[in-house]
Amino acid sequence: MRIWVLHGPNLNLLGTRETALYGKLTLSEINGEIATFAETQGIKVETFQSNSEGALVDRIQAAPHSGVEAIVLNAAAYTHTSIAIRDALLAVNIPAVEVHLSNIYRRESFRHQSRIADVVVGQVSGFGPQSYLLGIRGAMAFVSSKK
Ligand code: DQA
């Protein structure tokens with residue numbers, strides 16, 4: 001099984017960015033945990049980060065041509081604003097899981113709205129870096145259930 005994990009804006013600053021909220025692991029350390037987890041599960045996971053909405057849309061559009069069976073997406077602040085990312089997820093017929101390090105519902109009210117929540121298979125929010133691993137697990141279970 002092949003899964004893409006996409007990280008949105010400012011997640012490249014993990015490790016130093018608002019550590020009380022997001023923890024002290026850097027993005028490359030989180031990607032390392034994802035790679036280790038993928039190995040134990042016998043699946044292929046590739047990670048990608050961009051601060052640019054368009055680059056994330058391009059990546060989602062590329063998924064069907066890359067044999068990807070599911071997308072795990074932390075769209076970061078674009079979660080709350082991006083109709084373009086929502087439309088891209090709708091355009092590609094690939095199941096997606098929404099993840100957040102923090103619990104977005106315990107934070108400012110503008111973070112309570114997700115523009116993608118109703119077009120993804122499910123959402124994991126609030127478990128720190130574990131959110132990604134839980135999201136991958138959810139994506140794997142969803143894909144397997146459709147086979
Ligand atoms: C985030 C939550 C978003 O509201 C925020 O803009 C982020 C990170 C999270 O992982 O908790 O950048 O997606």
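Predicted model: local features only at pLDDT ≥ 70, side-chain atom pairs only at ≥ 80, totals over all residues.
Student: Okay, salt bridges. How many salt bridges are there?

Tutor: The general idea is that side chains of opposite charge can pair when their charged atoms come close. The rule here asks for a side-chain nitrogen of Lys or Arg within 4 Å of a carboxyl oxygen of Asp or Glu. That gives five salt bridges. One of them joins arginine 2 and glutamate 46, at 2.8 Å from N to O. This pair links distant parts of the chain, 44 residues apart: arginine 2 is in strand S1 (residues 2–7) and glutamate 46 is in strand S2 (residues 44–49). Strands (E, at least two residues) and helices (H or I, at least four) are DSSP runs, numbered from the N terminus.

Student: Which residues does glutamate 108 form salt bridges with?

Tutor: One partner is arginine 107, with the closest N and O atoms 3.8 Å apart. Another is arginine 111, where that distance is 2.7 Å. Shared partners join Arg107, Glu108 and Arg111 into one network.

Student: Is arginine 111 buried or exposed?

Tutor: Check the relative accessible area: buried means under 20%, exposed over 50%, and partly exposed in between, using a 1.4 Å probe and protein chains only. Arginine 111 has 15%, so it's buried. Arginine 107 is buried too, at 15%, while glutamate 108 is partly exposed at 35%.

Student: What about the ligand? Which residues are around the ligand?

Tutor: A residue counts as near a molecule if one of its heavy atoms lies within 4 Å of it. The residues around the ligand include Arg17, Tyr22, Asn74, His80, Ser102, Arg107 and Arg111. For polar contacts, look for a pair of N or O atoms within 3.5 Å; within protein, one must be able to donate a hydrogen and the other to accept it, and residues adjacent in sequence count only if both atoms are side-chain atoms. A polar side-chain atom of serine 102 is 2.5 Å from a ligand oxygen. For histidine 80, a side-chain N or O atom is 2.7 Å from an oxygen of the ligand, and for arginine 111 the distance from a polar side-chain atom to a ligand oxygen is 2.9 Å. The protein covers 99% of the 320 Å² of accessible area that the ligand has on its own.

Student: Where is threonine 79?

Tutor: It's in the loop between strand S3 (70–74) and helix H4 (83–91). Threonine 79 is buried, with a relative accessible area of 1%. The side chain of threonine 79 reaches the backbone oxygen of alanine 76 at 2.6 Å.

Student: Last one: what is phi of asparagine 10 near?

Tutor: In general, most residues other than glycine have a negative phi. Asparagine 10 has a positive phi, near 75°. Asparagine 10 lies in the loop between S1 and helix H1 (19–22). Glutamate 18 also has a positive phi, near 35°, and lies in the loop between S1 and H1.

How values were computed:
Residues numbered from 1 in each chain as written. Heavy atoms only, no water. Areas by Shrake-Rupley, 256 points an atom, 1.4 Å probe, with all protein chains shown as cover.
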